[in-house]
Each structure stands twice: as structure tokens, then as C-alpha cells.
Amino acid sequence: MSDTPHLPESVSVSESESESPAAKALRLDTADELAKVRDRFVMDDVIYLDGNSLGALPAAVPDRIADVIAREWGALRIRSWDESGWWTAPERIGDRVGALVGAAAGQVVVGDSTSVNVFKAVVGAVRMAQQADPARTEVLVDATTFPTDGYIAESAARMTGCSIRAVGAEDIAAAAGPRTAVALVNHVDYRTGRLNDLPGTTAAVHAAGALVVWDLCHTAGALPVGLDEHGVDLAVGCTYKYLNGGPGAPAYLYVRRDLQPRFDSPLPGWNSHRDPFAMEAAYRPADGSVRGRVGTPEILSLLALDTALDVWDGVSLGAVRAKSLALTDFFLECVAAYVPAGAVTAVTPAAHAERGSQVALRCADAGAVMTELIGRGVVGDFREPDILRFGFTPLYTRFADAERAARVLAEVLEGSR
């Protein structure tokens, strides 16, 4: 499921025009089908709107990690690679992540950082494109990409004899041509929260004969992605934002099943060898998603992620998307009601089809404003030069949180005038 669903009546933000924001928040929270999921997290009275940077701690993780340390590592020691399933964890947990981004089993592997996986994906995509047509010597990257993606893409292009061209994400489809090998695109603009057109861009890049790599860091766990449905070639993403895997949690790499035999990773490690314990001098790549592995898995953080993913049991991504849109609509409504006119400007698109799960507001002295907000118990973040970012994680963010955040923002801005 990848299309934006209609908001169900239970989370509709429209009601009586005379209803106060606080009363509306209470009504919406009472009707929220995801409200009980908040109990699966360690939460407090802080209004936490920075889950698009680091997700909250799932309540079951501390006990799981304590068991991994004391029993699996402390008692079983080396036996846990087999007896505790450590060796196959990257693929097993990869399938769990895959289910949240619309990928059938056997196409996602968890491990390494997002940056490392971007490098694997871009170089691997260029190599596949050039196998078919050596004249494909251009890498497209969206101009507002997260900086690391741009740095990695530039290095990957240089190493594969390609040029690099930055264009607006909305222009990637038109820019792809006979020289294009691969386009690297962020599904959501990390500054503005704009949701880019994954189905349309993917189809257009394919029509030009090229491959596409999507960065899902700001969408996995926030909305349906539909990797298989839309024929995406490769994708990468982190697990510490909306997937709540914890600081430094390993990232993931998706390679579409029919491309896996041609995927030539630029980082061949012993974990991706066809027979790793043969310790052969010559490299022979494994089949399937294992080919995306490199070295020894990050077991402690990997198993923390495994338990963190339990919070998704019984949760519908359609319901998550509906609540995300309702939350961001409601927050913008509260900002309009509370904040002095002209003090902030929303840069996140109003159209649901173009919005991720965050609201970005342009504001004078944004850094100082966010510092004051955090001091008053409303945690968002600041991006240069003048952006306040508020991330809405539907699994634990309440409508009352959105209302209070807007009210405190208004108080801060009033006090700075």
C-alpha cells in the first residue's frame, strides 16, 4: 500500500468551528486507534517532536539488551552466532524492515551505516547500468539532498568515471536521459518535509533506461513506501528515526530481487562471500540480499533494533499515515490560531501528497527559538539558517502534544517581540 489514504473520520481534524484547539486535541486523542501504542515506549511529560532525528526508546529494549549481554554474550559467548541466531540476524531483521517499506522477503539486509549503504548502492547501480550501456556516465542527485548523500554520490561518480549533476528532486524525472546511469533521490527533503514523487520519478528514470536509488531515512515507518509495487531498483535508509532502533542503529540496503545477481558491491567483505568460512583468497559473492553485507554485524545495536521493531505488531501503516497527516494538519491549524501573524512561515507543503511526517517553519532567530522551546519541554530541532523542524511520530505523538507545542511556540515568540 503506497497511496496516501483518506483520513478516517476518527482522526478528522474538522469539527465545529467554535471548538477550541485543546478540546479538539482531546476529542482526536480519544478517538485515536493508535493511542495505546504509546504505551510501548518510554515516555515522559516532555513534548518530543524530534523522532525524525532519533526515535523514542521502545520499552522492551532494555530487558532484551540486558539478556543479550548477560546470557547470549556472557554465558553462551561464541555459541550465540549459531544458537542465538546472530549470524543470520542481518537478513532476518532485514525482512522485518522490508515489510515496513513494501519489500518482500529476501531483498533487504540490515547492517553498516546509511552512508556506507549509499556508497554500495550508487556504485553498484552505476556498474549495472554500464554493463548494459558503457555510455551511461552521469549520476543525478537531487540538489537539496542530505549532505552525506551528496558527498558519497560525488565520490562514487569520481570512482566510476562518471560526472555528477545536481537538479531539483522534482526535476529528476525530466533530467534523466541517455547518459544517465543512476539517480539518487531522497524520498523526503530533510529540511522542508516535502515528500518527493517516488512512483513517478522511478517510472521516468526507468523510461530513460537508468536506475534509481531512494533514500528512505525520513519515510520508513512514517508512511507506506511500496518498493516492490513501484519497481524501485535500490534503496537505503536508517533505522533510528521512525523505526526507533536507537542511536547508531544499523542502516539497511534494498536490492530488487531480479537485480541481485548483477549487483557488484564495491565493498566485498567476508560476510558477503558465498562460503565465508572457507576463507578463500578469491572473492565469490553470495546469492540474494546477503551480497549486500560486508563485515561482522553490529550485534548489540542490531538486536536492539530487532526488539524495537516489535512495536509495529498489529499496526497498520495506513493508520500511521492517516494519523501523521492529521497530526501535521492539526499542528499547522494550532500554529495559525496561536502564533502571532507573520512570526513564522510554513515551508512544508500543504498538499498531503507532498508532505512527509514533519512540519518545518521558517522563523527569525530560529536557533534561539528552538533552544528556548527545548528549555520549556518542547523538543524539536533547528536547521540552518532559519528552519524550526517538528517531527511527528504517530506511534507515540498525541494531538495534545501538537496543541501544547504550538501554544508554547506562541509564548516564546510573543516573549521575543
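**The four-stranded sheet**

In what order do the 4 strands of the open antiparallel sheet come? The order is E9-E10-E13-E12. Since this is a predicted model, local features need pLDDT of at least 70 and side-chain atom pairs count only at pLDDT 80 or more, while totals for chains, interfaces and linings use all residues. Residues are numbered from 1 along each chain as its sequence is written, and side-chain values use heavy atoms, with hydrogens and water left out. As for the labels, helices (H or I, at least four residues) and strands (E, at least two) are DSSP runs, numbered from the N terminus; two strands pair if DSSP finds at least two bridges between them.

Strand E9 (344-346) and strand E12 (381-383) sit at the edges with a single partner strand each, so one side of each has no neighbour in the sheet. On average, neighbouring strands here are turned by 35 degrees against each other, direction ignored. E9 pairs with strand E10 (residues 358-363) in the antiparallel sense over 3 bridges, and Ala-346 has Leu-361 in E10 as its bridge partner.

**Helices on that sheet**

Helix H10 (residues 317-338) lies across E9, E10 and strand E13 (387-391), at about 25 degrees to E10. Angles like this run from 0 to 180 degrees between N-to-C directions, with axes fitted as lines to C-alpha atoms, for helices over the stretch in contact. Helix H11 (residues 366-375) packs on the sheet too, touching E10, E12 and E13, and its direction makes about 40 degrees with that of E13. Contact means heavy atoms within 4.5 Å.

Ala-364 is in the loop between E10 and H11. Ala-364 is exposed, with a relative accessible area of 59% (exposed means over 50%, buried under 20%, partly exposed in between, with a 1.4 Å probe and protein chains only). Ala-364 and Val-344 are 20 residues apart in sequence, and their C-alpha atoms are 7.8 Å apart in space.

**Where H11 meets H12**

H11 packs against helix H12 (residues 399-415) at an angle of about 125 degrees, their axes 10 Å apart. That makes H11 oblique to H12 (under 35 degrees is roughly parallel, over 145 roughly antiparallel, 65 to 115 roughly perpendicular, and the rest oblique). On the H11 side, the contact is made by Val-369, Glu-372 and Leu-373; on the H12 side, by Val-408, Leu-409, Val-412 and Leu-413. By class, that is 6 nonpolar, no polar and 1 charged residues (Ala, Val, Leu, Ile, Met, Phe, Trp, Tyr, Cys and Pro count as nonpolar, Asp, Glu, Lys and Arg as charged, and the others, Gly among them, as polar).

**The seven-stranded sheet**

Another open sheet has 7 strands in the order E2-E8-E7-E6-E5-E3-E4, with mixed pairing. Strand E2 (108-110) and strand E4 (163-167) are at its edges, each with a single partner strand, so one side of each is left without a neighbour in the sheet.

What about strand E6 (residues 211-215)? 5 of its 5 residues are buried, so E6 is largely enclosed by the rest of the structure. Leu-211, Val-213 and Asp-215 cover one side, with Val-212 and Trp-214 on the other, and all are buried. E6 runs parallel to strand E5 (residues 180-186), joined by 5 bridges, and Val-185 stands opposite Trp-214.
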